Amino acid sequence: MLKKNGNLLRSTKSGTLFSLFISIIHALAEVIVVTIFYYSMGMAEEVYSSGYVVSVLLLVGVGTFIHSMVDFSLALLVWKPLQHVITIPVNARIRANNYR
């Protein structure tokens, strides 16, 4: 996606929308995988006593979504000063005054 839209991270709005998009995909994938373990009885008893909504949807789903958003923000903070030094095949350029 970044290879086709190299300017995707140039504005705060489009960067935030991209982060939301990939965070939702990440959270949904995690919930699907943990749901399989949950219903195959492959988890600790404490997980089942909390119930599916709390254990899987809230802790895994919402937790992964928030964690992914924070990771994206930290990656931007690291990438911004390095983008002019390191060249990689897919190089999304970020303006210096964004994402402070």
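A residue is buried if its relative accessible area is under 20%, exposed if over 50%, and partly exposed in between, with a 1.4 Å probe and protein chains only. By that criterion, both Tyr38 and Tyr48 are buried. The model is predicted, so that local features need pLDDT of at least 70 and side-chain atom pairs count only at pLDDT 80 or more, whereas totals for chains, interfaces and linings use all residues. Residues are numbered from 1 along each chain as its sequence is written, and side-chain values use heavy atoms, with hydrogens and water left out.

**Overall architecture**

- The chain contains 3 helices and 0 strands; helices (H or I, at least four residues) and strands (E, at least two) are DSSP runs numbered from the N terminus.
- Read from the N terminus, the order of elements is α-α-α.
- Of the 100 residues in the chain, 29% are buried.
- Among contacts (heavy atoms within 4.5 Å) with a separation of 6 or more, 49% are between residues 24 or more positions apart.
- The accessible area of the chain is about 6800 Å², of which carbon and sulfur atoms supply 70%; areas come from the Shrake-Rupley method with a 1.4 Å probe, and for residues only the protein chains shown count as cover.

**Aromatic pairs**

- The structure holds 5 aromatic pairs, where rings of Phe, Tyr and Trp (its six-membered ring) pair if their centres lie within 6.5 Å, and planes under 30 degrees apart count as stacked, over 60 as edge-to-face and the rest as tilted.
- The pair of Tyr38 and Tyr48 is tilted because the ring centres are 4.8 Å apart and the planes stand at 40°.
- Tyr38 belongs to helix H1 (residues 12-39) and Tyr48 to helix H2 (residues 45-50), so this pair ties together parts that are 10 residues apart in sequence.
- Tyr38 also forms an edge-to-face pair with Tyr52, at 5.3 Å centre to centre and 65° between the planes.
- Tyr38 counts as buried because its relative accessibility is 9%, while Tyr52, at 22%, counts as partly exposed.
- One aromatic cluster is formed by Tyr38, Tyr39, Tyr48 and Tyr52.

**The loop at Gly51**

- Gly51 is placed in the loop between H2 and H3.
- The C-alpha atoms of Gly51 and Tyr38 are separated by 9.8 Å, and the two residues are 13 residues apart along the chain.

**Ser68 in helix H3**

- Ser68 is found in helix H3 and counts as buried because its relative accessibility is 11%.
- Its side chain and that of Ser23 are joined by a polar contact of 3.1 Å; such a contact is a pair of N or O atoms within 3.5 Å, where within protein one must be able to donate a hydrogen and the other to accept it, and residues adjacent in sequence count only if both atoms are side-chain atoms.
- Not counting residues up to four places away in sequence, Ser68 touches Ile22, Ser23 and His26.

**Nonpolar surface patch**

- Val53, Val54, Leu57, Leu58, Leu59, Val62, Ile66, Val70, Leu74 and Leu77 form a nonpolar surface patch, with about 860 Å² of accessible area together.
- Patches are made of residues with over 30% relative accessible area and no salt bridge; like charges are joined within 9 Å, and nonpolar side chains (Val, Leu, Ile, Met, Phe, Trp, Tyr) within 5 Å.
- A salt bridge is a side-chain nitrogen of Lys or Arg within 4 Å of a carboxyl oxygen of Asp or Glu.
- Leu58 lies in helix H3 and is partly exposed, with a relative accessible area of 46%.
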